[in-house]
Amino acid sequence: EQYVKTAAAKRTQRGSSNVFSMFEQSQIQEFKEAFSCIDQDRDGIINKSDLKETYAQLGKLNVKDEELEEMLKEGKGPINFTVFLTLFGEKLNGTDPEDTILQAFKLFDPHGTGLVNKDEFRRLLLTQADKFTEDEVEQAFSVAPIDVAGNIDYKSLCYIITHGDEKEES
């Protein structure tokens with residue numbers, strides 16, 4: 001009888017939609033870092049001024065209040081870390097990794113050119129959230145398709161990240 005109760009309790013526990021069980025521990029840590037980058041005032045809640053400031057840091061200064069309010073509405077209340085993770089869980093559930101990476105790069109490409117500036121991207125990698133070392137940046141850039149103007153073709157880079165680099169296989 002004790003076994004039956006324990007099994008039922010475990011099933012109930014598993015059945016509850018615990019958003020933290022949707023992700024690996026390392027992914028949760030990455031989301032935590034992203035959350036803390038956006039939560040500019042460090043109060044544990046993402047609000048309109050946090051979003052506005054985050055966009056400003058990415059060089060997008062003229063974001064309309066309506067756009068920001070639409071984003072915040074998705075949380076159906078204050079956006080703390082659990083809500084943030086739930087929103088990402090809903091958005092990422094069933095998407096392929098390449099599309100997820102592309103969406104992340106699009107934040108750095110407000111004009112939709114398919115390119116990000118290598119120097120600006122280097123600065124962000126070295127200074128934001130889970131800061132890269134100079135060696136890690138060089139390693140990342142060694143496989144990145146960079147044109148003569150110093151722009152990274154991030155669509156090609158996403159393909160390399162998710163499918164491997166053809167050059168390495170030959």
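Student: What should I know before I start?

Tutor: This is a predicted model, where local features need pLDDT of at least 70, side-chain atom pairs count only at pLDDT 80 or more, and totals for chains, interfaces and linings use all residues. Residues are numbered from 1 along each chain as its sequence is written, and side-chain values use heavy atoms, with hydrogens and water left out.

Student: OK, how many helices and strands are there in the protein?

Tutor: The protein has 10 helices and 2 strands. Those are DSSP runs numbered from the N terminus, with helices being H or I of at least four residues and strands being E of at least two.

Student: And what pattern does the protein follow along the sequence?

Tutor: Reading along the sequence gives α-α-α-α-α-α-β-α-α-β-α-α.

Student: How much of the protein is buried?

Tutor: Of the 170 residues, 26% are buried. Buried means under 20% relative accessible area, exposed means over 50%, and partly exposed is in between, using a 1.4 Å probe and protein chains only.

Student: Which domain does UniProt annotate?

Tutor: The unreviewed UniProt entry carries "domain: EF-hand" over residues 26–61 and 96–131. Positions are given in the numbering used here, feature names are shortened, and such annotations may be inferred rather than shown by experiment. Residues 26–61 are 64% helix and 0% strand, with the end C-alpha atoms 32 Å apart.

Student: Switching to packing: at what angle do α3 and α4 cross?

Tutor: Helix α3 (residues 48–57) and helix α4 (residues 65–73) cross at roughly 120 degrees, and their axes come within 10 Å. The axes are lines fitted to C-alpha atoms, for helices over the stretch in contact, and angles run from 0 to 180 degrees between N-to-C directions. The pair is therefore oblique; under 35 degrees would count as roughly parallel, over 145 as roughly antiparallel, 65 to 115 as roughly perpendicular, and the rest is oblique.

Student: Which residues meet there?

Tutor: K48, L51, K52 and Y55 of α3 meet D65, L68, E69, M71 and L72 of α4. Contact here means heavy atoms within 4.5 Å.

Student: Now α6 and α9: at what angle do they pack?

Tutor: The angle between α6 and helix α9 (residues 154–163) is about 145 degrees, and their axes are 9 Å apart. On the α6 side, the residues meeting α9 include P97, I101 and F105, and among their partners in α9 are Y154, L157 and I161.

Student: Is P97 buried or exposed?

Tutor: P97 is exposed, with a relative accessible area of 55%. P97 is in helix α6 (residues 97–106). The C-alpha atoms of P97 and I161 are 9.3 Å apart, though the two residues are 64 apart in sequence.

Student: Last one: where does A149 lie?

Tutor: A149 is in the loop between α8 (134–143) and β2 (151–153). With 57% relative accessibility, A149 counts as exposed. Its C-alpha atom is 8.5 Å from that of N117, 32 residues away along the chain.
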